[in-house]
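Thanks, everyone. Let me put the model on the screen, and then I'll walk through it.

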Amino acid sequence: MNGIMKKLVFSCKKASELIDKESVFPLNWLENIQLKVHTSLCKACLEYEKQGHILDELIDRHHQHENQDEIPQVENQELKIKIISKL
Amino acid sequence: MTDQLKEKPTSETIKTWVDLYSDSLFSWALHKTSDREVAEDLVQETFLAALQSYHRFEGKSQPKTWLMAILKNKILDHYRSNFKKPVPLENSFLDGIFTEDENWNSKETPQPWTDDAHEIMDQDEFKLILSNCLKKLPLQWKTAIQLKYFEEKSGDEICQELEVTPTNFWQVIHRSKLQLRKCLEVNWFNKVAL
């Protein structure tokens, strides 16, 4: 991005922050406009935004995989004995 | 069942419960914390707390349900304290991502990922890499990710439970995502392209 753009919009660092903020909290109207303007002009941040969504999906699905067969039951006989001895 | 239990001394009742439910509680705690030692401690604390507050258990719910409620609170306390743990200083990989004038560093500029996300998700190798990348996050960041994705809670709920400000929370999510993205690029996206 050239110098004028940077003054008009804001830095890629700030844009990437807003992109990730948006994944947890709604942005206010100003942030929204700033981000839209920035990503319409900056390919790198647009890509970062896309990859953020992919990342969300990957982590979400990763967890579903882990959850598929319910929670694996783990036996822990030692723990049982340890707790009973402390009661 | 309740009458039967009341005839026995409390500690005897709790011991029966340990025998019956400790494996289920441990499995749950292990699943949530991914840490054997922590999970064991939390389960132990749960039974000790149950012993102390046994008078509040009136047999209205199943013992297992009551114990699970105690355990869930313990897990939440655990998340809360993890979130407050400072991130080690050597974790300064973020420094290199942006230049001093806050542009992407040329090496770090996001490039399109060539793989189709839906396809790689089912590949065992990718799952393993993602799993390792998640493990490598500092404890505080990992906790934020766990709460956001695994517990499927809203940002506001999480902030309330952790007793942190929204800004504090999203900044942690931001750093986690920068690191995860980089870890996946190094170990998968850019690697496969070679």
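Residues are numbered from 1 along each chain as its sequence is written, chains are lettered from A and ligands numbered from 1 in the order in which they are written, and side-chain values use heavy atoms, with hydrogens and water left out.

Confidence. pLDDT is the predictor's confidence in each residue, from 0 to 100. Chain A has an average of 86. In that chain, 83% of the residues reach at least 70. Helices here are DSSP runs of H or I, at least four residues, numbered from the N terminus. Which element of chain A has the lowest mean pLDDT? Helix α1 of chain A, residues 3-8, at 54. The highest is helix α2 of chain A, residues 12-22, at 95. Where pLDDT is low, the predicted coordinates should not be read in detail.

Next, A:V37. A:V37 sits in helix α3 of chain A, residues 29-41. Its relative accessible area is 35%, so A:V37 is partly exposed. The cut-offs: buried is under 20% relative accessible area, exposed is over 50%, partly exposed is in between, with a 1.4 Å probe and protein chains only. A:V37 and A:F10 are 27 residues apart along the chain, and their C-alpha atoms are separated by 9.6 Å.

Now salt bridges. The criterion is a side-chain nitrogen of Lys or Arg within 4 Å of a carboxyl oxygen of Asp or Glu. Over all chains, the structure holds 13.

Start with B:R80 and B:D77, paired at 3.0 Å, N to O. Why are they about one helical turn apart? Because they are three residues apart in helix α4 of chain B, residues 63-83. B:D77 is partly exposed, at 42%.

Then B:E108 and B:K182, with closest N and O atoms 3.0 Å apart. B:E108 lies in the loop between α4 and α5 (117-120) of chain B, and B:K182 in helix α9 (residues 166-193) of chain B, so this pair ties together parts 74 residues apart in sequence. Buried or exposed, B:E108? Buried, at 17%. B:K182 is partly exposed, at 25%.

Last pair: B:K127 and B:D124, at 3.4 Å between the closest N and O atoms. Both lie in helix α6 of chain B, residues 124-135, three residues apart, about one turn of the helix. B:D124 is exposed, at 60%. Finally, salt bridges that share partners join A:D20, A:D56 and B:K177 into one network.

Methods. Predicted model: local features only at pLDDT ≥ 70, side-chain atom pairs only at ≥ 80, totals over all residues. Helix = DSSP H or I, 4+ residues; strand = E, 2+ residues; numbered from the N terminus.
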